[in-house]
Amino acid sequence: MESFNKKMSLINYLKNSGFIKTKKVEEALINVDRANFVLSQYLSEAYEDKPLPIGYGQTISAPSIVAYMTELLEVNEGNKILEIGTGSGYQTAILSYLVKEKGLIVSIERIKELSEMAYKNLERLGLHKNVKLIVGDGSLGYEEEKPYDRIIITAATPVVPKFINMQLKNNGIAILPLGTLEEQKLAIIRKDEFGNIELRYDISVIFVPLIGYEGFKFGKEETN
Ligand code: SAM
């Protein structure tokens with residue numbers, strides 16, 4: 001009961017602050033419990049609006065940024081979504097919940113142990129059936145399942161990786177934190193019906209780096 005109250009007060013905060021805008025994202029954040037995705041030593045902080053360590057120098061993002069990016073992605077039932085940076089699987093689970101059985105989430109993580117942990121977290125909630133987890137360098141995207149309705153990168157990238165243009169469908173949306181190791185802006189990329197690309201910058205954010213061929217070449221541990 002205490003944890004339910006804490007969760008609902010987090011949800012109310014996210015609504016009042018404008019991070020949650022739609023009923024469907026609110027429902028996803030209520031039903032996909034963040035406590036399932038945090039390490040046991042951080043359980044008491046699961047409903048606080050802050051990133052938490054998940055091991056290997058990586059973090060589960062703050063609920064506000066997860067809610068905000070999910071809203072920007074304008075997810076529809078049945079969408080095929082590519083996610084780069086599976087981490088704990090929390091964002092993956094929210095996307096899985098929103099696309100429902102007919103959709104598919106392909107999520108790439110470079111650290112095998114995190115991908116395995118994410119699978120267990122997703123399986124426990126029954127949200128693994130429409131999810132394909134891949135271990136590898138997501139800075140190259142994932143050719144095999146292209147094209148995608150939506151693409152989300154949950155690690156900081158210095159450039160817009162080339163795969164986005166090649167693997168995003170017409171009328172698709174991609175969201176990524178674009179900038180330096182120290183600070184990024186959320187970039188929202190829209191591809192119109194003719195394949196023209198438009199990029200718009202949104203709020204400032206701080207993410208752990210995307211490490212890979214089209215990402216950063218080295219890591220900075222324990223960035224949020
Ligand atoms: N969305 C995740 C969650 O809900 O827990 C948090 C993602 S965490 C901020 C960023 C993740 O991106 C880390 O787990 C990191 O290992 C992963 N990552 C970094 N570079 C990557 C790459 N080139 N390909 C795939 N994953 C990468």
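This is a predicted model: local features need pLDDT of at least 70, side-chain atom pairs count only at pLDDT 80 or more; totals for chains, interfaces and linings use all residues.

Visitor: Which helix gives the most to the lining of the largest cavity?

Guide: The space in there comes to about 60 Å³. Its lining includes Lys-7, Leu-10, Ile-11, Tyr-47 and Tyr-90. With three residues, the top contributor is the helix spanning residues 2-16, namely α1.

Visitor: And by class, how many charged residues are in the lining of the largest cavity?

Guide: Among the lining residues you'll spot Lys-7, Asp-33 and Arg-34, and Asp, Lys and Arg count as charged. The lining also has seven nonpolar residues and no polar ones. That leaves the charged group, which numbers three.

Visitor: Now for the pockets. What volume does the largest pocket have?

Guide: Unlike a cavity, a pocket is an open set of points. The largest pocket is also the space taken by the ligand. Its volume is about 570 Å³.

Visitor: Which element gives the most to the lining of that largest pocket?

Guide: There are 40 lining residues, and those closest to the pocket's centre are Thr-59, Ser-61, Thr-154, Phe-207 and Val-208. Several elements supply at least two residues each, including β2, β3, α4 and β9 (197-205). The top giver, with four residues, is α3.

Visitor: What about the shell around the ligand: which element supplies the largest share of it?

Guide: The ligand has 27 residues around it, and the closest are Ser-88, Glu-109, Asp-137, Gly-138 and Ile-211. Four elements each supply at least two of the shell residues: β2 (58-60), β3 (80-84), α4 (90-99) and β4 (104-109). The largest share is three residues, and it comes from β2.

Visitor: How many residues of the shell around the ligand are polar?

Guide: Sort the shell by class and you get 11 nonpolar residues and four charged ones. Gly goes in with the polar class, and Gly-138 is one of the closest residues to the ligand. The polar count is 12.

Visitor: What volume does the second largest pocket have?

Guide: Its lining is made of Ser-96, Tyr-97, Lys-100, Glu-101, Gly-126, Leu-127, Lys-129 and Asn-130. By class that splits into two nonpolar, three polar and three charged residues. The volume is about 160 Å³.

Visitor: Let's finish with the backbone. Which peptide bond is cis?

Guide: Most peptide bonds are trans. Look at the loop between β5 (131-135) and β6 (148-153), where Pro-147 lies. The cis bond there has omega near 0° and runs from Lys-146 to Pro-147.

Visitor: And what is phi near in Glu-74?

Guide: Most residues other than glycine have a negative phi. Glu-74 sits in the loop between α3 (63-73) and β3. Its phi is positive, near 45°.

Note on methods. Residues are numbered from 1 along each chain as its sequence is written. Side-chain values use heavy atoms; hydrogens and water are left out. A residue is near a molecule or strand if one of its heavy atoms lies within 4 Å of it. On a 1 Å grid over the protein atoms alone, a cavity is a set of points where a 1.4 Å probe fits but cannot get out, and a pocket is an open set with protein on both sides within 12 Å along at least five of seven lines; lining residues have an atom within 4 Å of a point. A molecule sits in a cavity or pocket if more than half of its atoms lie within 2 Å of its grid points. Grid points are joined across faces, edges and corners, and a volume is the space filled by probe spheres set on the points.
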